[in-house]
Amino acid sequence: MKKIKILHTKESCSAYGADEQIRVLCNYLKDDYDIYRASPLGECIKNSKGIYKDFYEVSFVSSFDVGSIFKLSKIMKKEKFDIVHGHSSRSDWITFLAWILSGYYKTKLMTTIHAENDVVIKKVKVSLKTKIALGLRPWIVKKFFSKVTTVSKAIKDIMISELGFSNRQVIHTINGNDLNRIQNINKNFNLREELAIVQKYIVITSGRVRKPLGESKGYLDFINAIEILSKKRDDIYFIALGGGEDFDNLQLFVNEKGFNNFTLLGHKDNPLDYIVQADIFTLLSHQNVEGMPRALMESMGLGMPCIGSDVGGINEIILDGENGFIVDEKSPEQVANKIEELIEDAVIRERFSKNAKKLIFDTYSNDNMAQAYKKVYQEVLVC
């Protein structure tokens, strides 16, 4: 029986966030579908051997990138995909124009919204051309895309209440986690030994360091919380994992602070080996950048007591007081207080650890995610 052909499009190819989710999803679906990807070349290819039937290098430089539009239209006309699944506003816009140009309209279009800033124009600083594309996108998606999936209920609510989508067209699907990866941690790695840590407790955060200074992932809030706690106690060591375009500037900023209890480790291919050896994990993202953060879900799957900011889908997996703590956005004082509360109460840490791990293993598995998308794809094909 001929397999359904699905092309995934995105203007980035990193080892983070949505790009990693695409790779993982496609890996789970490759036996049931013929999976293709169109993206620029990048880190996302590194662990993708055997996943894609073909990988098309398409630059997606801008929403009006004529070269990408024509190149993608030729690919779509030749391959006659059953579904083209976009993963960002830019790739959706180019996919739509390429679809029109291809003349092959049996291909069904769908998209996944990975973060709030991909749909709420007024909260995003972009060029006029991009604003035009973003402004037209809701109308185009409503009229020409069969389904929209969102990685959090919060984004689905925005699509319906602010952008006028119907509940039938928008489907909330979970982000999954590789439970085997979570369970198979390198037990020979010793973080304390590697960094010569003498403090009793370790608090860790993780996220891509975008300009300016990783602010969108709450790095400055994390640093401010470190300053608050360092004035009161000397038994906590702080670590940040994650690389990005502003990592060097963040390193200079941290060096100027003169910390002796904080290390920026940059990008690691095995972040869970580091996170699992901490006592507390924090994710202090700011509004509009989060959908359903993978780093947080994986940390909860490891049984980490977690502290997260009240933005995006974070409060959909951290249930405040049950499996972690929720703090207000941009509130380093609250973060410092909650870190102390967790350090001082081993019973709470144990309860959070147990409940967090149960939630991830029961609900947010890659298999559950794959099954959800199989159902969506079937609905798309009959639209």
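Asp-92 is buried, with a relative accessible area of 2%. Here buried means under 20% relative accessible area, exposed means over 50%, and partly exposed lies in between (1.4 Å probe, protein chains only). Arg-137 is also buried, at 5%. The side chains of Asp-92 and Arg-137 meet in a salt bridge, 2.5 Å from N to O. This pair links distant parts of the chain: Asp-92 belongs to helix α3 (residues 89–102) and Arg-137 to helix α4 (residues 128–144), 45 residues apart. A salt bridge is a side-chain nitrogen of Lys or Arg within 4 Å of a carboxyl oxygen of Asp or Glu. Helices (H or I, at least four residues) and strands (E, at least two) are DSSP runs, numbered from the N terminus.

This is a predicted model, in which local features need pLDDT of at least 70 and side-chain atom pairs count only at pLDDT 80 or more, while totals for chains, interfaces and linings use all residues. Residues are numbered from 1 along each chain as its sequence is written, and side-chain values use heavy atoms, with hydrogens and water left out.

## Other salt bridges

The whole structure holds 17 salt bridges. One of them joins Arg-181 and Glu-298, with the closest N and O atoms 2.7 Å apart. Because Arg-181 lies in helix α6 (residues 179–183) and Glu-298 in helix α11 (residues 294–301), the pair ties together parts that are 117 residues apart in sequence. Arg-181 is partly exposed at 30%, whereas Glu-298 is buried at 6%.

Asp-362 and Lys-358 form a salt bridge of 2.6 Å, N to O. Asp-362 is partly exposed, with a relative accessible area of 47%, and Lys-358 is exposed, with 52%. Both lie in helix α14 (residues 346–363), four residues apart, about one turn of the helix. An α-helix has 3.6 residues a turn, so residues three or four places apart point the same way.

## Helix α15 and the cores

Helix α15 (residues 366–381) has 16 residues, which should span 22 Å at 1.5 Å a residue; its end C-alpha atoms are 23 Å apart, which agrees. The expected span is 1.5 Å times one less than the number of residues. Buried in α15 are Asn-366, Met-369, Ala-370, Tyr-373, Val-376, Tyr-377 and Val-380. These buried residues fall within an arc of 120 degrees seen down the axis of α15, so they line one face of the helix. The arc is that of the directions from the helix axis to the C-beta atoms.

The largest nonpolar core has 84 residues, and Ile-239, Leu-296 and Tyr-377 have the most contacts inside it. The largest share of this core, six residues, comes from α15. Apart from this core lies another, of 31 residues, among them Leu-213, Ile-236, Leu-264 and Ile-343. A nonpolar core is a set of buried Ala, Val, Leu, Ile, Met, Phe, Trp, Tyr and Cys residues joined through side-chain atoms within 4.5 Å.

## Helix α13

Helix α13 (residues 332–344) has 13 residues and reaches 18 Å from its first C-alpha to its last, close to the 18 Å expected at 1.5 Å a residue. Its buried residues are Pro-332, Val-335, Ala-336, Ile-339, Glu-340, Leu-342 and Ile-343. They cover an arc of only 165 degrees around the axis, which puts them on the same side of α13. The face turned away from this buried side carries the exposed residues Glu-333 and Glu-344.
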